[in-house]
Protein chains: 2
Amino acid sequence: MIPYCSICWDDNKVRLLDQRLLPQEEVYLEISDYRDMIEAIRTLTIRGAPAIGVAAAMGAALGALELETEDPEEFRQRFADVCREIAQARPTAVNLFWALQRMQAVAEAHAGESVASLKEHLVHEAQVILKEDETINRHLAQHGRPLIKDGYQVLTHCNTGALATGAYGTALGVLRAAWEAGRRFSVWVDETRPLLQGARLTTWELEKIGIPYTLIPDGAAAALMRQQKVNLVIVGADRIAANGDTANKIGTYSLAVLAKFHGVPFFVAAPLSTFDFALPNGNFIPVEERPAEELIRFRGETVAPAETPVLNLAFDITPKELITGIITERGIAWQPLSSSIKYLKDAKD
Amino acid sequence: MIPYCSICWDDNKVRLLDQRLLPQEEVYLEISDYRDMIEAIRTLTIRGAPAIGVAAAMGAALGALELETEDPEEFRQRFADVCREIAQARPTAVNLFWALQRMQAVAEAHAGESVASLKEHLVHEAQVILKEDETINRHLAQHGRPLIKDGYQVLTHCNTGALATGAYGTALGVLRAAWEAGRRFSVWVDETRPLLQGARLTTWELEKIGIPYTLIPDGAAAALMRQQKVNLVIVGADRIAANGDTANKIGTYSLAVLAKFHGVPFFVAAPLSTFDFALPNGNFIPVEERPAEELIRFRGETVAPAETPVLNLAFDITPKELITGIITERGIAWQPLSSSIKYLKDAKD
């Protein structure tokens, strides 16, 4: 039913679905050099916070395999350099740093062992992170599932499906779980400028799952809310501060304000690996600014004068007070978010 | 300084700047058949409510010239048919119907005269409508000018410049008048999906006028407002009901809600010909639904799966309570809009 994967480990190489070419072409890349993985993350060949986490871990594993030394201490230092290099790929999705820290913790935990053994542990850990991601997303989806009722018209932004994660999806995973449980509803898909992840990827995934959907320009969401054609908004996240402030694809904050104005519930779906508990609030989340080219050209077609000054912020910050709840693998954090997030963080699985 | 015109009458032909090709190519079309004018309006070769009004009038004049009869009564009937045909071109911009009514009123007023004389009157009237449009826009711009203060960051949507009108512009005309009066400010340009009138046309016009601007995706406006980087929003209109409810390019209502939420003034700039005094409120304004193609493809490039279901509403309705004021050629209608609009309507120039 979902005959694709965004990323997997295959005989000391990584297979990646090139998301830049979707929906026209379904091309898998084989990556064996960690520098190519950095480039894949940077160019959004793979994107979506959980998928970036998996990609970073697998990139680190590739980097480990490439290190030609038998000295465990030298290996450890050079592996740390590899991780630092990968950490530069993109600034906002915290899953990237979270995954790299996990990989480095494995290297530390096995510090006394041979380089061959260290490499084996790291390759294994990257695959564990992928596997866990799917399990986590399925749990998250089950917690969110009851929110989606028969007859609902749900609005979503960007792409949060299996493509954006190791497997299954976050916000789209919730919709998928509801659909698989027999709920019948439809989805408004924001096209999500500038890179059209909604138009290109979410439509493609919903088509495969079989959930009815309608594509709209980002600017149309408000009019649909006014016409009472939106029962619920659900989005993913790239980084969530300890208080619940949420960084997500540009346009998310806009939807949150519009949802508040129209009395529509607004949910975020994200695994705990997307939370940055070190940040007290969203003001501390770094927001990536991407190249002007993304607005000026689309697939080689020029859509604005070549020298147009552009502000291309990849993300915006939605303050906690606009969020009805955050769906995680340990349950839904409801208002007040600060305390419920802390509760879920400290809960045992 | 503005070496282009959207539309002009030239020796019994109409010269049109093909706005579909901007900003890459500046191509003028010569139209001598009124059916080609209908097609030009339908395909957005020319767009913008006031420009559509001028185009409809000139189309009617072309249609009149094409009528091969010497019988004034037959001429009058067939001219009415031509006008009815042109009226089908697009449903929302009321300037189209307003201009056609004016043309038919001229035909009625000279009912006793020869066909040659009627044709002359109609060709003259179309040119009067163009000339008046510029005068009206310049008055409108002078009324709006004081709203734009030094250091302001103004946000606008779609295109409301000389391209959208006979000349000078409405919302962009206000900015131009402020700039020409020495005010120094900058403009956030919403790219305005799906047809990117902001990215393609407003950038191009602001560049020619010399006003600094920055292009943003539509979804970014909210984040900029939150960062207090928007002092004022100004947009045009396609049809305004008697109570002030305003139909304008999809995404306008979204901006109006966001402006209200962030305490940013929200102005509409439109000539009185854009008001439809027969409609008590915005619920009666017909909203055009345009082809799915506009979201699925851009200049031949596919950006979503070919069979994607799409809702492509060209306009949305902003309720009067979200509008700070409506700038017209007779002054600004402030809240409460219903009574101030009535006052301006009944005022003498």
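A salt bridge is a side-chain nitrogen of Lys or Arg within 4 Å of a carboxyl oxygen of Asp or Glu. Keep that rule in mind for this tour.

This is a predicted model, where local features need pLDDT of at least 70, side-chain atom pairs count only at pLDDT 80 or more, and totals for chains, interfaces and linings use all residues. Residues are numbered from 1 along each chain as its sequence is written, chains are lettered from A and ligands numbered from 1 in the order in which they are written, and side-chain values use heavy atoms, with hydrogens and water left out.

**Stop 1: where chain A meets chain B**

Colour the two chains separately. Then select the residues in contact (heavy atoms within 4.5 Å). Chain A gives 49 residues and chain B gives 49 residues. The size of an interface is often given as the accessible area lost when the parts come together. Here the buried area is about 4,000 Å², and carbon and sulfur atoms give 70% of that. Buried area is the accessible area (1.4 Å probe) that two parts lose on being put together, summed over both.

Now look for charged pairs. Two salt bridges are counted between chain A and chain B. Select B:Arg193 and A:Glu191: their side chains meet in a salt bridge at 2.5 Å, N to O. Polar contacts come next. Each is a pair of N or O atoms within 3.5 Å; within protein, one must be able to donate a hydrogen and the other to accept it, and residues adjacent in sequence count only if both atoms are side-chain atoms. Between chain A and chain B, twelve residue pairs are in polar contact, both residues at pLDDT 80 or more.

Which elements of chain A supply at least two residues each to the side that touches chain B? They are helices H7 (197–209), H8 (221–226) and H9 (252–262), with strands E6 (213–216), E13 (301–302) and E14 (315–318). Helices (H or I, at least four residues) and strands (E, at least two) are DSSP runs, numbered from the N terminus. Select H9(A): with seven residues, this helix gives the most to that side.

**Stop 2: the two domains of chain A**

Colour domain 1 (7–138) and domain 2 (143–348) of chain A. The bounds come from an automatic or database domain assignment. Taken over C-alpha atoms, the domain centres are 25 Å apart. In the contact, 31 residues of domain 1 of chain A meet 35 residues of domain 2 of chain A. These domains bury about 2,700 Å² between them, with 53% on carbon and sulfur atoms.

Two salt bridges are counted between domain 1 of chain A and domain 2 of chain A. Select A:Arg90 and A:Glu288, which form a salt bridge with their closest N and O atoms 2.8 Å apart. On the domain 1 side, helices H2 (49–66), H4 (95–109) and H5 (115–144) of chain A each supply at least two residues. H5(A) gives the most, with six residues.

**Stop 3: a glycine in a strand**

Go to A:Gly325, in strand E15 (residues 325–328) of chain A. Is this residue buried or exposed? A:Gly325 counts as buried, at 0% relative accessibility. Buried means under 20% relative accessible area, exposed over 50%, partly exposed in between (1.4 Å probe, protein chains only).

Show what A:Gly325 touches: A:Phe266, A:Phe267, A:Val268, A:Ile332, A:Ala333 and A:Leu337, not counting residues up to four places away in sequence. Then find A:Glu113, 212 residues apart from A:Gly325 along the chain; their C-alpha atoms are separated by 45 Å.

**Stop 4**

Over all chains, a search of the whole structure finds 48 salt bridges. Start with A:Lys320 and A:Glu321, which meet at 4.0 Å, N to O. A:Lys320 is partly exposed at 28% relative accessibility, and A:Glu321 is partly exposed at 46%.

Bring chain B back. Select B:Glu108 and B:Arg76, a salt bridge with the closest N and O atoms 2.9 Å apart. B:Glu108 lies in helix H4 (residues 95–109) of chain B and B:Arg76 in helix H3 (residues 72–87) of chain B, so the pair ties together parts 32 residues apart in sequence.

Finish in chain A. Select A:Arg90, A:Glu288, A:Arg290 and A:Glu294, joined into one network by salt bridges that share partners.
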